[in-house]
Amino acid sequence: MISTPWGGLRVADAHIHFFSRRFLELLAARRTGLTPERACEIAGIEPPPGEPESLAEKWAAELDRYGVDRAALIASLPGDESSVSRAVAAHPTRFRGFYLSNPLAPDAVDRLEPVAARKALHAICVFPAMHRYSIADDRAGPLLDFAERSNAAVFVHCGVLSVGIRGKLGLPSPFDMRFSNPIDLHGVALSRPNVKFIIPHFGAGFFREALMVADLCPNVWLDTSSSNSWMRYQAAPITLTDVFRRALEVAGPSRLLFGTDSSYFPRGWNQAIFDQQTAALHQAGADAAAAELILAKNFDTLVG
Ligand SMILES: [Zn+2]
């Protein structure tokens, strides 16, 4: 439980990146001569313990410190599936496993099959701008079929994409925003009514489009995570309170998922985001029942 403007409430964080040792190895391998230790030094992050179970323990203790009940842990590069699945296996009720996948990679489904077999697959995260395809492209079909068979949600990153740690490490980010419009998800979500889709960060700049898709597709959820700095791109000035008010009007309280986008230590769980979002949600007029849904219950519904 955390104290909120509505009193003590249970909280689940739908968006935490699990920066494992393996993740840092995969990232460091992208620049000649870069080691995971050096990458941590440059990025100002505490080197994670070698075993994912130890990092899971660290996150569990961190969440205990703040009173956060449950969380999604995101494997943030293909190839890091085992770190998150081991963390989930160590804390099967507390953590849910989300995995970044590139549907264009020939081994996309093969990588996730063992995770599903271990019951540690709860969502597949796709980043069409990062891997340069449209979510409506037929080539994404086999991965979406697999998500449907495995009863996994599909998190589709839309809008502006900047990966903080890549920037700090000087790694190239050859993303292509042509593929980041939530409108591309419209037909896909309609044709797969049994799959639950999540658009993070309210569409990260495509707020209007994310609302349109959420309005037309009852199987589309919006996640509230990060500082939502995309608000500075809006044609007319908009506040986080306005964002919550509009999202409540269109998607309603049962399709919004609270998240912070926390990722590394020593910062740990980003309480400032929680404070900003709960204040904005309260100002937007959400009652206690709506807050309970957004802060925890929707997460339970979506990923069990
Ligand atoms: Zn994120």
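**Helix α5 and its faces**

P114 sits in helix α5, which covers residues 108-117. Keep in mind that this is a predicted model. P114 counts as partly exposed, because its relative accessibility is 38%, and the cut-offs are under 20% for buried and over 50% for exposed. Between P114 and A43 there are 71 residues in sequence and 32 Å in space, taken C-alpha to C-alpha.

Which residues of α5 are buried? They are A108, V109, L112 and V115. Looking down the axis of α5, these buried residues fall within an arc of 120°, so they line one face of the helix. As background, an α-helix has 3.6 residues a turn, so residues three or four places apart point the same way. D110 and A117, on the other side of α5, are exposed.

**Strand β3**

Next, a strand. β3 is mostly covered, with six of its six residues buried. Four bridges join β3 to strand β4, residues 70-75, and the two run parallel. One of the pairs to look at is A12, whose bridge partner in β4 is R70.

**Cysteines**

How many disulfides does a search of the whole structure find? The count is zero. C217 is in no disulfide, and the nearest cysteine sulfur, that of C158, is 12 Å away. The cut-off for a disulfide is sulfur atoms within 2.5 Å. C217 is also buried, because its relative accessible area is 0%. C40 is buried as well, with a relative accessible area of 3%.

Now the open spaces. The largest pocket has a volume of about 870 Å³. Its lining is made of 38 residues, and S162, V163, G164, S226 and D261 lie nearest the centre. The elements giving two or more residues to that lining are β3 (12-17), α1 (21-28) and α8 (164-168). Of these, α8 supplies the largest share, four residues. So the strand β3, whose six residues are buried, also takes part in lining the largest pocket. By class, the lining of the largest pocket has 19 nonpolar, 14 polar and five charged residues.

The second largest pocket holds about 250 Å³ of space. It is lined by 17 residues, and L121, H122, S150, N151 and A152 are the closest to its centre. Helices α7 (141-150) and α13 (288-303) are the elements that give two or more residues to this lining. By class, the lining of the second largest pocket has nine nonpolar, five polar and three charged residues.

The largest cavity has about 80 Å³ of space. Of its 13 lining residues, F19, E46, P48, L55 and F265 are the closest to the centre. Helix α3, residues 52-66, gives the most to this lining, with three residues. The lining of the largest cavity divides into ten nonpolar, one polar and two charged residues.

The second largest cavity has a volume of about 30 Å³. Its lining includes P128, I135, V156, F179 and L185. C158, whose sulfur is the nearest cysteine sulfur to C217, lines this second largest cavity too. By class, that lining has seven nonpolar, two polar and one charged residues.

Note on methods: Residues numbered from 1 in each chain as written. Predicted model: local features only at pLDDT ≥ 70, side-chain atom pairs only at ≥ 80, totals over all residues. Heavy atoms only, no water. 1 Å grid on protein atoms, 1.4 Å probe; cavity = no way out; pocket = protein on both sides within 12 Å on 5 of 7 lines; lining within 4 Å. Points joined across faces, edges and corners; volume = space filled by probe spheres on them. Nonpolar A, V, L, I, M, F, W, Y, C, P; charged D, E, K, R; others polar. Buried < 20%, exposed > 50% of the residue type's maximum accessible area, 1.4 Å probe, protein only. Pairing = 2+ DSSP bridges. Arc of directions from axis to C-beta.
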